[in-house]
Amino acid sequence: MSQALDEIKIGGLGASRRRVEDDRFIRGKGNYTDDITLPGMLHMEILRSPLAHARIKSIDTRKAWDIPGVHLVLTGEMMATRNLAWMPTLSYDTQAVLATDKVRFQGQEVACVIADDPYIAKDACEAIEVEYEPLPVIVNPAQAVADGAPVIRDDKENQPDNVIYSWAVGDRAGTDRAFEQADVVSRLQLHYPRSHPSPIECCGSIADFNRATSKLTVYMTTQAPHIIRAAVALVAELPEHMIRIVSPDIGGGFGNKVPVYPGYVCSILASILLERPVKWIEDKSGNLISTGFARDIYLDGEVALRKDGKILAVRMHADADHGAFFSDAQPSKFKIGLLHSTFACYDVPVAHLTARGTYSNKAPGGVAYRCSFRVTEAMFFQERMIAAAAADLGMDQAEFRRKNFVRDEQFPHRTPFGFLLDSGQYARCLDVGLKAIGYDDFRRQQEEARKRGKLLGLGISTMTEPLGAGNSREYDILGIKMFDSAELKVHLTGKAILRTGAKTQGQGHETTWAQIVAHELGLPAEDVIVEEGDTDTAPFGMGTYASRSTPVAGAAVSMVARKIRAKARRLAAHLLEVSEEDVEWELGRFYVRSSPDRGVTIQECAMAAYSNMPDGMEPGLENTAYYDPPNLTWPFAVYLVTVEVDPETGVWDVLNIVAVDDCGVRINPMIVEGQIMGGLTEAYAMANMQFITFDAEGNCVGSNYMDYLLPTAWETPGFELHSEVVTPSPHHPIGAKGVGECAAVGGPAAFVNAVMDAISGTGVRNIDMPLLPDRVWEAITQGRDVSGAPPVRADD
Amino acid sequence: MTIVYEDRGDEATSDVPVNRIRFTINGQKMVAEIEPRLLLSHLIRRGLGLTGTHMGCDTTNCGACTVLVDGRPVKSCTMLAVQADGHAIETVEGLSGPSELHPLQEGFKAEHGLQCGFCTPGMMMAAKALLTENPSPTEEDVRWALSGNLCRCTGYQNIVKSVLWAADKLRSQS
């Protein structure tokens with residue numbers, strides 16, 4: 001009898017396999033969009049509005065046309081003749097491609113130039129003369145709904161004001177009743193500031209329209225190539241089979257590369273008009289000032305509490321500032337994403353949530369920045385509210401959480417907003433975290449330090465995140481159901497190619513998908529090549545964002561491999577000359593049940609599929625699976641942070657960070673840990689420094705890396721990660737839950753709670769993120785809450 | 001860059017100034033005729049076709065475009081190509097030999113020091129300059145040396161480990 005395969009040795013499930021994609025990246029041989037050069041390629045640059053709200057009186061492009069090397073100058077007027085001045089958004093609104101009537105945010109696309117060289121295109125942009133008539137500017141929801149506010153979207157019929165939607169979910173009457181019975185009501189108001197995913201690589205595209213074949217190929221920075229193909233087919237009215245979207249290597253996405261941006265559309269039209277490839281590569285300020293922002297939400301909520309610490313009900317209102325166009329990338333059924341996943345990990349009997357979206361003179365594009373659609377806001381508010389409620393009750397932060405967690409025996413658990421939690425071991429995760437951070441000991445140190453005038457603080461954040469949008473009953477984008485796909489072709493020598501409808505941007509799909517195949521088929525992972533991102537070859541899928549790759553596309557990989565295994569079993573029976581029922585499977589090999597020595601390997605089955613199949617069997621060993629998840633997956637995490645705050649300056653330093661992630665089965669532990677550390681860093685960034693704000697004139701503060709601060713290796717703290725708790729998802733084929741976003745979602749509250757804990761003696765209830773030293777100092781010295789809502793104050 | 005203009009018979013067409021520079025790229029001697037305003041990063045990427053040097057921010061903040069100029073790390077998006085005249089430039093493509101990887105490249109793979117890979121070439125070049133100057137850096141030394149390079153994926157912890165891995169290997173080789 002042959003020895004059974006060692007799954008770890010063949011790079012299967014659970015192997016910390018080194019990444020195959022690294023081989024090209026460490027050599028500088030990645031293939032990012034800007035690395036592609038096509039014969040005859042021209043270059044496009046965009047002219048952007050310097051004003052946040054203004055009527056366009058005239059655009060004079062004559063001087064631009066006169067510059068040698070300029071091939072085309074596009075304006076909104078010219079786009080309008082082709083019905084492309086406006087485009088539909090993913091949230092059923094419209095967005096200007098190039099401005100015609102007005103500019104509605106600073107940085108809005110006004111014109112673009114296509115030239116031989118990007119330097120010439122930039123010169124020509126500067127030669128375009130635009131005359132503006134400034135209009136009053138709106139930079140927050142209060143201004144948007146104030147009496148006499150200017151109507152930003154006067155282009156739309158039936159839009160008399162700046163309100164986009166009002167939305168409600170939950171049980172209002174039941175919640176009101178529960179509040180009447182509360183012993184204590186805790187309230188918290190905060191602003192989650194506007195942020196930007198800001199991958200280091202900006203957005204860009206190379207459109208290549210071939211008149212001879214009528215085929216349009218677009219190489220572009222997109223996390224969702226098939227959605228783009230559908231959008232181009234619908235917007236540009238091109239036949240879908242004549243559109244090929246290729247997403248090459250992506251230099252980070254984090255949600256920023258999901259939407260359709262005007263630059264993509266302009267490069268496509270320019271290529272069609274000029275019949276030459278047109279490359280557009282955004283600069284950083286263009287990326288920060290105009291593309292998919294995230295957050296920018298005002299949350300006001302209350303928790304009804306019983307004296308003993310039991311939560312009776314939650315009530316919450318959200319005001320979301322969407323910018324000039326409602327172009328959030330999110331499932332169409334939910335106006336404010338999955339904000340109603342808030343308090344999901346707590347056993348809350350009844351809850352009610354209302355939300356209102358408004359326009360402002362700020363960039364559009366609310367994206368799920370390392371987040372499953374507004375879940376970051378949901379969990380941040382939840383954990384800040386939990387901390388405030390525990391403090392109001394005088395209860396211990398950990399004990400209050402433990403008392404209200406959904407208990408292990410309650411799964412599957414229905415939340416008051418209708419989600420169904422699949423599984424978890426919340427209290428156990430908390431215990432692991434408390435032990436790791438040395439909770440009781442730290443509380444003692446904190447007490448002693450306080451006597452010496454030193455401010456130490458400990459923050460906890462515990463949360464679950466709904467991942468894997470989604471099941472097709474509830475989740476769609478533009479009507480397209482949010483399933484995903486995988487296609488597996490096993491060649492006759494037992495080597496294979498796998499393609500999925502997802503698109504890696506650093507998550508390491510080329511490594512991990514092969515591990516799932518290895519797990520299901522026993523093919524060594526190194527024998528499986530993974531390809532994604534080309535709509536001509538990849539099966540239709542909805543792409544990678546909202547942590548949906550592992551829960552959806554990863555499940556499809558499992559399912560397609562199982563289809564292959566089912567056919568291989570029939571081939572094995574044929575080769576072994578027994579009936580299929582008599583064939584058993586062990587990793588990589590079928591054998592005869594009554595005679596385990598008699599067996600054939602998966603590779604031998606592959607060869608037979610092409611050379612020795614039974615009569616009547618279709619040749620080949622290839623298949624495709626489309627996976628429609630039965631439910632979301634629900635990873636759970638505990639993040640604990642300790643800090644020291646300097647009362648003289650408001651500067652705070654991180655002492656320790658402990659992360660306990662229960663993300664179900666880990667496909668590649670090394671990659672999972674990399675994802676968690678990346679998420680924690682973004683959490684630290686949001687809590688500490690990273691935000692975009694605006695002055696009263698709508699000038700964007702945070703439009704370059706000198707204003708938009710990102711942590712470097714110097715500031716970023718170290719992390720202690722824990723993987724002791726594993727609760728497999730009961731409905732995912734390999735029990736995985738997804739992990740890429742949890743730390744960015746749950747992390748920020750841990751940092752903020754730590755600082756608030758350190759200054760708990762001041763009576764301050766909230767400081768808006770980021771907790772800049774001046775804000776913390778103001779809170780300590782003035783003893784009052786500090787708002788970070790725009791417009792920035794004159795003294796900032 | 002070589003640019004062919006439509007001849008409109010006007011002065012602008014003949015007015016494009018051109019400079020000739022001589023420099024070394026990854027050990028190879030080169031001559032280039034360039035516009036004086038051309039950025040070094042564009043000479044490397046478009047003129048030489050060495051696309052391993054990435055451009056992230058154009059404001060000297062992100063460090064993705066870091067190359068070595070006479071052994072010192074420089075952000076090539078903020079240096080004019082004409083300033084490279086007479087100097088030796090080294091990019092990520094020059095790190096490894098024909099068959100062997102540089103220990104930094106090995107270290108980044110071994111310690112999972114990269115995810116999307118966009119910042120990686122700049123990180124490795126900055127790290128190379130550090131290890132040349134200081135073969136036995138502490139974690140703090142590494143963090144400081146890389147503080148001009150942004151990464152959005154990894155959280156830096158594994159990047160630091162990668163550089164220390166390479167330092168170990170380089171020391172054991174010498």
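Predicted model: local features only at pLDDT ≥ 70, side-chain atom pairs only at ≥ 80, totals over all residues.
**Stop 1: the two domains of chain B**

Now look at where the two domains of chain B meet. Domain 1 of chain B puts 16 residues into the contact, and domain 2 of chain B puts in 13. On the domain 1 side, colour strand E3 (66-69) and strand E4 (72-75) of chain B; these are the elements that give two or more residues to that side. E3(B) provides the largest share, three residues. Switch to colouring by residue type and the domain 1 side splits into seven nonpolar, eight polar and one charged.

The mean pLDDT of chain B is 93, with 91% of its residues at 70 or more.

**Stop 2: B:Ser162**

Stay in chain B and zoom in on B:Ser162, which sits in helix H6 of chain B. Is B:Ser162 buried or exposed? B:Ser162 counts as buried, because it has 29 C-beta neighbours inside 10 Å, and the cut-off for buried is 20 or more.

Show what is around it: leaving out residues up to four places away in sequence, B:Ser162 touches B:Gly107, B:Phe108, B:Glu111 and B:Gly113. For a sense of distance, draw a C-alpha to C-alpha line from B:Ser162 to B:Gly27: it spans 26 Å, and the two residues are 135 apart in sequence.

**Stop 3: where chain B meets chain A**

Zoom out and bring both chains into view. The contact between them takes 49 residues from chain B and 44 residues from chain A. By residue type, the chain B side comes to 22 nonpolar, 19 polar and eight charged. For the complex, the predictor gives an ipTM of 0.97 and a pTM of 0.97.

**Stop 4: chain A as a whole**

You'll be looking at 19 helices and 34 strands. Chain A has a radius of gyration of 27 Å, close to the 28 Å from the globule rule for 796 residues, so chain A is as compact as a globular protein of that length.

Buried residues account for 61% of the 796 residues in chain A. Among contacts in chain A with a separation of 6 or more, 79% join residues 24 or more positions apart.

**Stop 5: the domains of chain A**

Next, give each domain of chain A its own colour: domain 1 is 22-27 + 484-627, domain 2 is 33-135 + 202-249 + 257-290, and domain 3 is 294-469 + 631-782. The C-alpha centres of domain 1 of chain A and domain 3 of chain A lie 38 Å apart.

Focus on the place where those two touch: 18 residues of domain 1 of chain A are in contact with 19 residues of domain 3 of chain A. On the domain 1 side, helix H14 (509-521) and H15 of chain A are the elements that give two or more residues. H15(A) gives the most, with seven residues. That side is made up of seven nonpolar residues, 10 polar and one charged.

**Stop 6: the nonpolar core**

Keep H15 of chain A selected and bring chain B back. The largest nonpolar core has 318 residues, and those with the most contacts inside it are A:Val113, A:Val517, A:Val755 and B:Ala127. Helix H15 (residues 549-576) of chain A contributes the largest share of this core, 14 residues.

Then click on A:Val755. Setting aside neighbours within four places in sequence, A:Val755 is in contact with A:Gly457, A:Val643, A:Val645, A:Trp652, A:Leu771 and A:Val776.

**Stop 7: A:Gln425**

Finish at A:Gln425, in the loop between strand E19 (420-421) and helix H12 (426-437) of chain A. A:Gln425 is partly exposed, with 18 other C-beta atoms within 10 Å. Beyond four places in sequence, its contacts are A:Asp408, A:Asp662, A:Val725 and A:Thr727. Last, draw a line to A:Pro635: 210 residues away in sequence, but 9.9 Å away in space, C-alpha to C-alpha.

Technical notes: Residues numbered from 1 in each chain as written. Chains lettered and ligands numbered in written order. Core = buried A, V, L, I, M, F, W, Y, C linked by C-beta atoms within 7 Å. Buried ≥ 20, exposed ≤ 12 C-beta atoms within 10 Å, placed from the backbone. Helix = DSSP H or I, 4+ residues; strand = E, 2+ residues; numbered from the N terminus. Contact = placed C-beta atoms within 7 Å. Nonpolar A, V, L, I, M, F, W, Y, C, P; charged D, E, K, R; others polar. Rg over C-alpha atoms; globule rule 2.2 N^0.38 Å. Domains from an automatic or database assignment. pLDDT = per-residue confidence, 0-100.
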